[in-house]
Amino acid sequence: MSMIAILTNCPDEASADAIAEGLVLARLAACANRYAPIRSVFHWQGGVARETEVPLLLKTRADLAERAEAEIRRLHPYDCPPILRIPMEAHADYLAWIAAETAG
């Protein structure tokens with residue numbers, strides 16, 4: 001079974017926490033890690049935006065990616081949330097824990 005990490009950036013801690021709680025409670029992620037705020041610089045609507053964002057890393061099964069991303073989009077305040085899928089290699093016991101803690 002393949003596992004992935006999903007990385008997204010949120011505008012604040014409250015939205016990151018809401019997404020983390022929502023996905024873990026729905027068993028679309030086994031774990032969520034909210035990181036310290038970062039400074040992002042990106043093109044947006046014809047200009048360059050400079051924003052403070054809160055990174056959120058979610059660990060899940062690859063076969064749940066579409067459902068997890070749909071839930072992120074539903075909960076995320078951005079019109080176009082950054083959602084990155086990252087293939088994950090890890091210790092077998094950790095991967096088994098992710099599989100056991102996510103939706104059947």
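The buried residues of helix α2 comprise A65, A68, E69, E71 and I72. Viewed along the axis of α2, these residues fall within an arc of 160 degrees, so they line one face of the helix. Exposed positions of α2 are found on the other side, where E66 and R74 are located. The structure described here is a predicted model, and local features were considered where pLDDT is at least 70.

One of the buried residues of α2 is the glutamate E71, which has a relative accessible area of 17%. Because the cut-off for a buried residue is under 20% relative accessible area, E71 is assigned to the buried class. When neighbours within four places in sequence are left aside, E71 is in contact with L23 and L28.

Helix α1, formed by residues 13-25, packs against helix α2, formed by residues 65-75, at an angle of about 145 degrees and with the two axes 10 Å apart. The crossing of this pair is right-handed. On the α1 side the contact is made by A18, I19, G22 and L23, and on the α2 side by A68, E71, I72 and L75. Classified by type, the residues in this contact are 6 nonpolar, 1 polar and 1 charged.

Helix α1 contains 13 residues and extends 18 Å from its first C-alpha to its last, which is close to the 18 Å expected at 1.5 Å a residue. Its buried residues are S15, A16, I19, A20 and L23. These positions cover an arc of only 135 degrees around the axis, which puts them on the same side of α1. The face of α1 turned away from this buried side carries the exposed residues A14, E21 and L25. The packing partners of the buried residues of α1 are strand β1 (residues 3-10), strand β2 (residues 31-34), strand β4 (residues 47-61) and helix α2.

Strand β4, which is listed among the elements packing against the buried residues of α1, includes the residues L56 and V54. L56 is buried, with a relative accessible area of 0%. Not counting residues up to four places away in sequence, L56 touches I6, L7, T8, A16, I19, A20, A32, N33 and R34. The C-alpha atoms of L56 and V41, which are 15 residues apart along the chain, are separated by 17 Å. V54 likewise counts as buried, at 3% relative accessibility. With residues up to four places away in sequence again excluded, V54 touches T8, N9, C10, D12, E13, A16, R34, Y35 and P37. The C-alpha atoms of V54 and S15 are separated by 8.8 Å, although these residues lie 39 places apart along the chain. A16, one of the buried residues of α1, is thus among the residues touched by L56 and among those touched by V54, where touching denotes heavy atoms within 4.5 Å.

Positive phi values in residues other than glycine occur at R27, where phi is near 60 degrees, and at Q45, where phi is near 50 degrees. R27 is placed in the loop between α1 and β2 and, at 40% relative accessibility, counts as partly exposed. Q45 is placed in the loop between β3, which spans residues 38-44, and β4. With a relative accessible area of 69%, Q45 is exposed.

Helix α3, formed by residues 92-101, contains Y94. The relative accessible area of Y94 is 29%, and this residue is accordingly partly exposed. Apart from its neighbours within four places in sequence, Y94 is in contact with C31 and K59. Y94 and A36, which are 58 residues apart in sequence, are 24 Å apart in space from C-alpha to C-alpha.

Terms used
Residues numbered from 1 in each chain as written. Predicted model: local features only at pLDDT ≥ 70, side-chain atom pairs only at ≥ 80, totals over all residues. Heavy atoms only, no water. Axes fitted to C-alpha atoms, helices over the stretch in contact; angles between N-to-C directions. Helix = DSSP H or I, 4+ residues; strand = E, 2+ residues; numbered from the N terminus. Left-handed = near helix turned anticlockwise from the far one by under 90°. Nonpolar A, V, L, I, M, F, W, Y, C, P; charged D, E, K, R; others polar. Expected span 1.5 Å × (residues − 1). Buried < 20%, exposed > 50% of the residue type's maximum accessible area, 1.4 Å probe, protein only. Arc of directions from axis to C-beta.
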